[in-house]
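Here is a short briefing on one protein structure. Keep the sequence and the 3D view open while you read.

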Amino acid sequence: MTTPRVFLVRHGETEWSLNGKHTGLTDIPLTVNGEKRVKATGRALVGDDRLIVPKQLGHIYVSPRRRAQRTFELLNLGIADPLPWKNHGEKLPEAGFVCNARVQVSNDIREWDYGDYEGITSPEIREIRSKQGLVQKWDIWRDGCVGGESPDDVTRRVDHVIQEIREKWHSPVIGKPRSADLPPADVLVVAHGHILRAFAMRWVGNTLQDGPALLLEAGGVGTLSYEHHNINEPAILLGGAFVVSQ
């Protein structure tokens, strides 16, 4: 039976992610080490016999930020069509496989707008709030960001993408016998740490205020799917096996 998946890929390491600075609208590049690690991720997890099978991807969402777009480039999925942006670095050699999925740049998966907290760390934010007389420990999932987005703002964005994925790519194939006639239905989302954790929370119907005890390292990959081949039973896939031919 067919059970489509969503792969969540956080952009690789940047100078700000390395130092714990909140990076929303600021458009900064990956570090040299960040690029190396994403390339390694691509070699390990992308391929016809790997976790992410390019020919099984039906659609790809990428954030408008260059750090996410460069991360996507470095995964080297073998995209058939030209990318909807100019390459942010050296182009990699041919992947050896082809992916026909459309690549869409989506503002709905841009990082949380941190507003007044852009470019500063969590301890610095808490110190600022303490001086403002806000004694409760700051929690972005509950409090949001002054001058930026609230949890409800972010929820509306990710809910829109989740609904679109389920309606356009997952509902037509889920639960049906595996067949070459079925369209590719896995979806790839390349974005950022907070927005992707929010995405995972909303995927399984939890509110952001529940506070996700989830981590996604820079350059890391997470997987979402369904239990029992049922569109009404979304789940977080803690471990996914590689694909092997039968």
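Buried means under 20% relative accessible area, exposed means over 50%, and partly exposed lies in between (1.4 Å probe, protein chains only). By that rule His228, at 59% relative accessibility, counts as exposed. The model is predicted: local features need pLDDT of at least 70, side-chain atom pairs count only at pLDDT 80 or more, and totals for chains, interfaces and linings use all residues. Residues are numbered from 1 along each chain as its sequence is written, and side-chain values use heavy atoms, with hydrogens and water left out.

**The sheet**

- Helices (H or I, at least four residues) and strands (E, at least two) are DSSP runs, numbered from the N terminus.
- Two strands pair if DSSP finds at least two bridges between them.
- Strands of a sheet pair through backbone hydrogen bonds, either parallel or antiparallel.
- Here, six strands form an open sheet in the order 3-2-4-1-5-6, and the pairing is mixed.
- Strand 3 (102–105) and strand 6 (234–237) are the edge strands, and each pairs on one side only.
- On average, neighbouring strands of this sheet are turned by 20° against each other, direction ignored. Axes are lines fitted to C-alpha atoms, for helices over the stretch in contact, and angles run from 0 to 180 degrees between N-to-C directions.
- Helix 7 (residues 193–203) packs on the sheet. Helix 7 touches strand 1 (6–10), strand 4 (186–191), strand 5 (221–226) and strand 6. The direction of helix 7 makes about 155° with that of strand 1. Contact means heavy atoms within 4.5 Å.
- Strand 2 (residues 57–62) and strand 3 run parallel and are joined by four bridges. Val62 has Val105 in strand 3 as its bridge partner.

**Strand 1**

- How many residues of strand 1 are buried? The count is five of its five residues, and strand 1 is mostly covered.
- Val6, Leu8 and Arg10 point one way from strand 1, while Phe7 and Val9 point the other way. All of them are buried.
- Strand 1 pairs with strand 4 in the parallel sense over five bridges. Arg10 stands opposite Ala191 in strand 4.
- Strand 1 and strand 5 run antiparallel, joined by four bridges. The bridge partner of Leu8 in strand 5 is Gly222.

**Nonpolar cores**

- In soluble globular proteins, nonpolar side chains tend to be buried together.
- A nonpolar core is a set of buried Ala, Val, Leu, Ile, Met, Phe, Trp, Tyr and Cys residues joined through side-chain atoms within 4.5 Å.
- The largest nonpolar core has 34 residues. Those with the most contacts inside it are Val6, Leu8, Tyr61, Trp112, Val189 and Phe199.
- Strand 1, helix 5 (140–143), helix 6 (151–170), strand 4, helix 7 and strand 5 give two or more residues to this core.
- Which element gives the largest share of this core? Helix 7 does, with seven residues.
- Not counting residues up to four places away in sequence, Val6 touches several residues, including Ile165, Val189, Phe199 and Trp203.
- A second, separate core has 23 residues, among them Leu74, Leu75, Leu77 and Trp85.

**Helix 3 and Asn76**

- Helix 3 (66–75) is mostly covered, with nine of its ten residues buried.
- Among the buried residues of helix 3 are Arg67, Gln69, Arg70 and Glu73, as well as Phe72 and Leu74.
- The buried residues of helix 3 pack against strand 1, helix 2 (32–45), strand 2, strand 3 and strand 4.
- Asn76 follows helix 3 and lies in the loop between helix 3 and strand 3.
- Asn76 has a positive phi of about 55° although it is not a glycine.
- Is Asn76 buried, exposed or partly exposed? Asn76 counts as partly exposed, because its relative accessibility is 23%.

- His228 lies in the loop between strand 5 and strand 6. His228 has a positive phi of about 55° and is not a glycine.
- Ser106 lies in the loop between strand 3 and helix 4 (122–131). Ser106 is buried, because its relative accessible area is 6%.
- Ser106 touches Tyr61, Val62, Ser63 and Pro64, not counting residues up to four places away in sequence.
- A disulfide is a pair of cysteine sulfur atoms within 2.5 Å. By this rule the model has zero disulfides.
- Cys99 is buried at a relative accessible area of 0%, and Cys145 is buried at 6%.
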